[in-house]
Structures are given as structure tokens and as C-alpha cells.
Amino acid sequence: MQNEIQENNGMNVRARHAVPLSDSAFLKACRCEKTPFVPVWLMRQAGRYMKDYRDLRDKNSFLSLCKNPSLVAEITVTAQEKIKADAAILFSDILLILEPMGMKLEYVKGDGPSLLVGAHGRAPLRSSADVDGLKNVDPVKSLPFVFEGIKQTRQRLYSAIPLLGFAGAPFTLASYMIEGGSSKDFSLTRKFMHEDRGRWNILLKKLVQSTISYLNAQVDAGVDAVQVFDSWVGALSPEEYRDFVYPHSKELLESIKRVPVIHFGTKNSNFLEMFSEAGGQVIGVDHRVSLADAWKRIGPSKAIQGNLDPEILLTDLATIKKEVRRILKEAANRPGYIFNLGHGVLPQTPVENVIALVEMVHEYTP
Ligand code: CP3
């Protein structure tokens, strides 16, 4: 089998994972312990760049895939095995929790997600009445497919591969509700926030309460770590982050105590210190900041995850190798490092480049 003959860094794949789960390189790195090789996984490692996924997607809507635990497990495990990542991330989406809160969620071909208030989708979230109408989620009751998906994935995944759960951070989730979908400038969200701070705080508190229950239920179901995605936080100024977002993110991140938490954001190098202080044992950084700089600013007590520009995976193997070596050099063998991209794998990425990238990270010797 390919698994057994593939040698890199003096270890075949089986040897690399011949340890108890808690001693896996990924979980050790989360705890800032030394690892025998640099662990690597990729945000959006299960997705449209992979033919196996596209084949399933041709026959099913994205939401119906997310709501089918057996297919969730299949997609999650196939992606991890195909690229030989050192962790798997559950196939799901940050927006699913908004449905039981009272939003109508749709993924429109070519347009991305659409989020409207009410079961029939009146309009994006705008008024205090809209916020007051949002329900607190009992995730076990309303998102059972996620937890059943975690259980089935854990059964099918190789025993020493950690499984990550995840959720959206309150700012990023609020932005989808207020904009009604994806946005470039987040101007409606920022207007909503500045116009009525009380209303904003009630919204973020509701999101935080539901997300705490959601992540804890993922831990109960068997995930080994969780990532909190604050993908669009970089739309804010440092002052806006401090006043409108930091206290809420902090409350969420401090409430997840039983597994390592990865706190990920993009375009936030203006306020990386504050972002890191909000919480998380691991800080996910994007490609707009250098690892060396990020480390100085975050300090040695936290692990760092990142930060290859996903666009680099659209180039050639020599360019990818050069960038991988540059990043690993910057990481400088420091304990507490997890290789990842600065943001998710792009749909047009050749799968061979992703497979080669994971190999390059494993093979690297300084
Ligand atoms: O990482 C993984 O492989 C696990 C699965 C995962 C998905 N979404 C699957 C998905 C994860 C971790 C997410 C998180 C997510 N979802 C984020 C945070 C990460 C990031 O990229 O910043 C965000 C912002 C979303 C919201 C979302 N979901 C958008 C904007 C879209 C449409 C655009 C796009 O990227 O495809 C989705 C859909 C989505 N989520 C797909 C997948 C595989 C594509 C759906 C399809 O097949 O058409």
C-alpha cells in the first residue's frame, strides 16, 4: 500500500501516527510541546478542489451533504486520507447554527450563502425586533446531524488522527446575518454596530451563548480540538475590534475548556496582540503577516498556525517548495507550530499540489 512505502523525514506514514491520539504531533503542537515533525492540515481541505467531493456534490445540495452524517464522515475522512493531513476537520459549515436561531439559510449557485430573517426569509437582519426574535439554540436538538457526523467520523478516521470541530466567531456570523450573505466592505454590519451598541451587544451575546453550547456539544460528541473562524474580522479598525468584538470573542473562547482552541482571523495584523489576548491556545494567522513577526507579538506561550498564501497552491511545485521552505525557516523549529494556509484552499487548486505540499512539510529538514 502506498501508505506503507511512502517514506519521508525518516518516517513512513504509519510510523508517523503510531502514537496515542493525545501524543499526536498536532495535539502536541497545540500544547507548545516539541514534535518529531511539523504537523500540517489545511483549512477547507474537504471541498470543491477534490474530485471525490465534486462527484458527491453533483448529486446532492451542499446543505443536504452537511445534514447527512454518513456522507459527512465520508467526506471528512476521504480528504484527510487523500492528502495525508495530520488532522481532519469535520465537513460542515459555520452558518448552519443560524438556521435554528431563526434565519433562512440557502447556498445559491455562484452567489454563495444567503441569510434572511424568518422561516420564509423576509430580509437580512436589521431591527431590534429581528434581534429579539432570535432563538437560543439547543444544538443537540436542532443540529443532531453534526454530532452524529462527529461520531461516525471518529469511527472511520485512523485512531491517531485528531478530529477538529469548529464554529464561526460572533463578528463573522453577525456579518452574514446583517449583510444577508457575503460582503466585501461589511458596511451594513459596521453601520448596525455603530448605530445602536445595545442592539449589537444583544445580538453578539445571543451568538456567543449558542456557539458555546454548540462547541461544547461537539466536544461531548468526540472532537479533539476546535477552531473558531473570525474570517472577516480584518474589516474592523483596532478600536472597533476592542469596543465591539473583543469582549464577546473572549467570553466565547474562555468558555471552551476541555480541548485546545484555535483562534483564526484574517487581515487582523493591525491588532494581532488584542486578537490573541481574546483567547485560544493556538492563533491562526494569515499570509499578510510574517510568522516571525506574529511570534514576537503573540509571545511564546501560545502556538501558531499558518500561513502559506492559498494562491501559491495555484503555481508550480518549485514555487510552492520555495515558499514552504521560507515559512518553515521562519518557524525555526519552535515548539508550538502547525503548518496551514493563511486562508482556505481555493476551489481551483490542483489536488496534486495539495498532496505535494503536505509531503514537502513532512520532508523538511532545516
Ligand atoms: O475546512 C473544511 O474542509 C471543513 C468544512 C468547512 C466548510 N466551510 C465547507 C464548505 C469549513 C471549516 C467551513 C467554514 C466556513 N464557512 C467559513 C470560515 C472559513 C473561511 O473560508 O473563511 C466561512 C466564512 C463559511 C461560509 C461559507 N460557506 C461561504 C462563504 C460559502 C460559499 C463560498 C465557498 O467558499 O464555497 C460556503 C460554502 C461551503 N462551505 C462549501 C464548502 C465545501 C462549498 C459548497 C459547495 O459545494 O458549493
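Buried means under 20% relative accessible area, exposed over 50% and partly exposed in between (1.4 Å probe, protein chains only). Helices (H or I, at least four residues) and strands (E, at least two) are DSSP runs numbered from the N terminus. The model shown is predicted: local features need pLDDT of at least 70, side-chain atom pairs count only at pLDDT 80 or more, and totals for chains, interfaces and linings use all residues. Residues are numbered from 1 along each chain as its sequence is written, and side-chain values use heavy atoms, with hydrogens and water left out.

View 1. Helix H18 covers residues 351–363.

**View 2. The open sheet of 7 strands.** The strand order is E3-E6-E7-E8-E9-E10-E11, with parallel pairing (two strands pair if DSSP finds at least two bridges between them). Strand E3 (88–89) and E11 stand at the edges with a single partner strand each, so one side of each is left without a neighbour in the sheet.

View 3. E9 (residues 282–284) pairs with E10 in the parallel sense over 3 bridges. Val282 stands opposite Ala303 in E10, and Ile283 has Ile304 as its bridge partner in E10. Together with helix H16 (residues 291–298), E9 and E10 make a right-handed β-α-β unit; right-handed here means that, with the strands pointing away from the viewer, the path from the first strand over the helix to the second runs clockwise.

View 4. E10 spans residues 303–308, and 6 of its 6 residues are buried. Asn307 is found in this strand. The peptide bond that joins Gly306 and Asn307 is cis, with omega of about -15 degrees. Gly306 also stands opposite Phe339 in E11.

View 5. E11 (residues 337–341) is mostly covered, with 5 of its 5 residues buried. Tyr337, Phe339 and Leu341 lie on one side of E11, and Ile338 and Asn340 on the other. Both of these faces are covered. E11 runs parallel to E10, and 5 bridges join the two strands. E10, helix H17 (residues 317–331) and E11 make a right-handed β-α-β unit.

**View 6. Asn333, in the loop between H17 and E11.** Phi of Asn333 is near 60 degrees, a positive value in a residue other than glycine. At 58% relative accessibility, Asn333 counts as exposed.

**View 7. Cys32, in a loop between two helices.** This loop lies between helix H3 (25–30) and helix H4 (51–59). Cys32 is not a glycine, yet its phi is positive at about 65 degrees. At 21% relative accessibility, Cys32 counts as partly exposed.

**View 8. Packing of helices H10 and H13.** H10 (residues 144–156) and H13 (residues 197–221) pack at an angle of about 30 degrees, with their axes 9 Å apart. That makes H10 roughly parallel to H13 (under 35 degrees; over 145 is roughly antiparallel, 65 to 115 roughly perpendicular, the rest oblique). Axes are lines fitted to C-alpha atoms, for helices over the stretch in contact, and angles run from 0 to 180 degrees between N-to-C directions.

**View 9. Ser276, in helix H15.** H15 covers residues 272–278. At 4% relative accessibility, Ser276 counts as buried. Ser276 and Thr365 are 89 residues apart in sequence, and their C-alpha atoms are 29 Å apart in space.

Technical notes. Expected span 1.5 Å × (residues − 1).
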